[in-house]
Amino acid sequence: MDVYGVEQRLNQIAVILQRPQDAVNVGAILRAMKNMGISHLRLVQPEPMAPAAILRVAHHCEDLLDQMTSYPTLAEALADLHVVIGTAALRHTGRSQTNDLRHLAQTVAQRLPQERIGLLFGQEDDGLDQAALDRCHLLVMIPTNADYPALNLAQAVLLLLYEVRMAVLAEVETTVSSTPMAAIADQAALERLFHLSETTLTGIGFLKAKQTVTMRKVRQMVYKAQLTPEEVALLMAMVRRIERGA
């Protein structure tokens, strides 16, 4: 029995791999996930991988392999999540990012289990592309040695999951009765808002030059606001009224 609610909280976390290429890495990630008590692995456009090749590394992880899901697009893999945290080896101007892994893990722990949180990792040889970075509410950089910063994908996953697990253990031990946090809108709702806003703003001539840069700034503002479903619905109604008025 999950006396302290640790399992319930960790069950709200999904690890997402964008275009993974190596069955050995996927196996090592499944093993790290099982070590840290996290069960949901989502693959986006993975290279073909034989289950036996994954299990050669992921010993006794058949249950997690059976639960592993594949998606044709990143949008579908993230649709039901409320917060998406991406990983990056380099700083990206104009995006919310941190290298304080421990503080980030504490923030994640505080948002569980009310929200579903995704930890997004890029492919082994190239990291996350610009489209994926746009869908991240926050980027985290693991503070490695500047002379040799590159981490193996599975190592990066293990480090982040370890910090999250330790933060969750601390959170459930200290949590007292308090007002629950308001639920925030999931990624699918935010993407509908972004799409409608971009279409409408383009139609009225607001978005011309630097359209991508402007919408990227809009995304960052919305992510920081942590909008509730009701607030997203209100903004959608406002944008639709602007569209009709135009």
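Visitor: Hi! By class, what does the lining of the largest pocket have?
Guide: Hello! The lining of the largest pocket has 15 nonpolar, nine polar and four charged residues. Keep in mind that this is a predicted model.

Visitor: Got it. Which residues lie nearest the centre of that largest pocket?
Guide: Thr87, Ala88, Ala89, Gly127 and Leu151 lie nearest the centre, out of 28 lining residues.

Visitor: And how much space lies in the largest pocket?
Guide: The largest pocket holds about 700 Å³ of space.

Visitor: What volume does the second largest pocket have?
Guide: For the second largest pocket the volume is about 290 Å³.

Visitor: Which elements give two or more residues to the lining of the second largest pocket?
Guide: Those are strand 4 (83–87), helix 6 (101–111) and helix 10 (211–225). Helix 6 gives the most, with five residues.

Visitor: Nice. Which residues lie nearest the centre of the second largest pocket?
Guide: Nearest the centre are Val83, Thr107, His137, Leu138 and Gln226, and the lining has 15 residues in total.

Visitor: Let's switch to the backbone. Is the peptide bond from Leu112 to Pro113 cis or trans?
Guide: The bond from Leu112 to Pro113 is cis, and its omega is near 0°. Most peptide bonds are trans.

Visitor: Where is the place of Pro113?
Guide: Pro113 sits in the loop between helix 6 and strand 6 (117–121). Helix 6 is also the element that gives the most to the lining of the second largest pocket.

Visitor: Now phi. Is the phi of Arg19 positive or negative?
Guide: Arg19 has a positive phi of about 50°, although Arg19 is not a glycine. Most residues other than glycine have a negative phi.

Visitor: Where does Arg19 lie?
Guide: You'll find Arg19 in the loop between strand 1 (13–18) and helix 2 (23–36).

Visitor: Why does Arg19 count as partly exposed?
Guide: Because its relative accessibility is 27%, and partly exposed covers the range between under 20% for buried and over 50% for exposed.

Visitor: What about Gln45, is its phi positive or negative?
Guide: Gln45 has a positive phi of about 50° and is not a glycine. Gln45 lies in the loop between strand 2 (40–44) and helix 3 (51–55).

Visitor: And what is the relative accessibility of Gln45?
Guide: Gln45 is at 38% relative accessibility, so Gln45 counts as partly exposed.

Notes
Residues numbered from 1 in each chain as written. Predicted model: local features only at pLDDT ≥ 70, side-chain atom pairs only at ≥ 80, totals over all residues. Heavy atoms only, no water. 1 Å grid on protein atoms, 1.4 Å probe; cavity = no way out; pocket = protein on both sides within 12 Å on 5 of 7 lines; lining within 4 Å. Points joined across faces, edges and corners; volume = space filled by probe spheres on them. Nonpolar A, V, L, I, M, F, W, Y, C, P; charged D, E, K, R; others polar. Helix = DSSP H or I, 4+ residues; strand = E, 2+ residues; numbered from the N terminus. Buried < 20%, exposed > 50% of the residue type's maximum accessible area, 1.4 Å probe, protein only.
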